[in-house]
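Trainee: Please take me closely through one part of this model, the loops and what flanks them. Start with the overall layout, so that I know where I am.

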Amino acid sequence: MKILVVDDMPLMRHVLINMLRKLEYSNIVEATDGLQALVFLRNQHFDLVITDLHMPKMDGVSLLTNIRKDKELADIPVLMVTCEDSKDKVKQVIAAKVSGFIIKPFNMNVLSSQLNRFFFRD
C-alpha cells in the first residue's frame with residue numbers, strides 16, 4: 001500500500017506520517033504542494049492520496065480536480081485534510097468528488113477509521 005501525503009506544512013506532514021506508521025503503513029511519499037504531488041502521481045503508483053486543502057502553487061481542490069480528470073489517476077481515493085468550515089468550500093470539495101474528509105485537529109482513531117473505509121486490513 002503506497003500513500004502520498006501532500007501538505008505545505010512540514011510539521012503537519014510529519015504528524016500525519018507518524019500516525020500512518022503507527023497504523024503500520026510504511027510505504028509513504030511526501031509532497032509539499034499539489035504541483036509536486038501531480039508529478040509523483042504521474043510517475044509512480046499510489047493507492048491513496050491524503051492532501052491538505054489550503055496550499056500554495058496548487059491547492060487541494062485543484063489537485064483533486066486534476067486527479068479526477070486524468071483517467072489513469074481518477075480512481076485513486078483522495079482524503080482531504082482541512083480546518084475549513086465554510087459550507088461553500090466543503091460543497092466545492094464534494095463536487096470535485098473527494099473520497100473523504102479529515103477535519104483538523106484529528107487523532108489516530110479518526111485517521112484509522114477513514115483509512116478503513118478504503119482498505120480492509122487483517
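Mentor: Start at the N terminus and read the elements in order: β-α-β-α-β-α-β-α-β-α. The radius of gyration is 13 Å, close to the 14 Å that the globule rule gives for 122 residues, so the protein is as compact as a globular protein of that length. That radius is taken over C-alpha atoms, and the rule is 2.2 Å times the number of residues to the power 0.38. In total there are five helices and five strands. Both are DSSP runs numbered from the N terminus: helices are H or I with at least four residues, strands are E with at least two.

A word on the ground rules. This is a predicted model, where local features need pLDDT of at least 70, side-chain atom pairs count only at pLDDT 80 or more, and totals for chains, interfaces and linings use all residues. Residues are numbered from 1 along each chain as its sequence is written, and side-chain values use heavy atoms, with hydrogens and water left out.

How confident is the predictor? The mean pLDDT (confidence in each residue, from 0 to 100) is 93. Of the residues, 98% reach 70 or more. Among the elements, strand β2 (residues 27–31) has the highest mean, 98. Helix α4 (residues 87–95) has the lowest, 85. Keep α4 in mind.

Buried residues make up 50% of the 122. Buried means under 20% relative accessible area, exposed means over 50%, and partly exposed is in between (1.4 Å probe, protein chains only). Residues 24 or more positions apart account for 62% of them.

Now walk along the loops. The loop between α1 (10–22) and β2 holds Glu 24. Glu 24 has a positive phi of about 70°, although it is not a glycine. Glu 24 counts as exposed, at 65% relative accessibility.

Step back into helix α1 for a moment. Arg 13 is found there. Is Arg 13 buried or exposed? Arg 13 is buried, with a relative accessible area of 10%. Leave aside its neighbours within four places in sequence. Arg 13 is then in contact with Val 5, Asp 7, Asp 8, Glu 30, Ala 31 and Thr 32.

Move on to the loop between α2 (34–43) and β3. His 45 has its place there. His 45 is exposed, with a relative accessible area of 56%. Compare the chain with space: His 45 and Asp 75 are 30 residues apart in sequence, and their C-alpha atoms are 12 Å apart.

The loop between β3 (48–52) and α3 (60–69) comes next, with Lys 57 in it. Lys 57 is not a glycine, yet its phi is positive, about 70°. At 70% relative accessibility, Lys 57 counts as exposed.

Now return to helix α4, the element with the lowest mean pLDDT. Val 90 sits in this helix. Val 90 is partly exposed, at 26% relative accessibility. Beyond its neighbours within four places in sequence, Val 90 is in contact with Glu 84 and Phe 101. Val 90 and Val 61 are 29 residues apart in sequence, and 10.0 Å apart from C-alpha to C-alpha.

Lys 97 lies in it. Lys 97 is exposed, with a relative accessible area of 57%. Which residues does Lys 97 contact, leaving aside neighbours within four places in sequence? They are Leu 64 and Arg 68. By contrast, Lys 97 and Val 29 are 68 residues apart along the chain, and 23 Å separates their C-alpha atoms.

One loop remains on our walk. Pro 105 is in the loop between β5 (100–103) and α5 (108–118). Where is the cis peptide bond? A cis bond joins Lys 104 and Pro 105, with omega about -10°.

To review, go back to two backbone spots with positive phi. Find Glu 24, then Lys 57. Finish at the cis bond between Lys 104 and Pro 105.

How values were computed: Contact = heavy atoms within 4.5 Å. pLDDT = per-residue confidence, 0-100.
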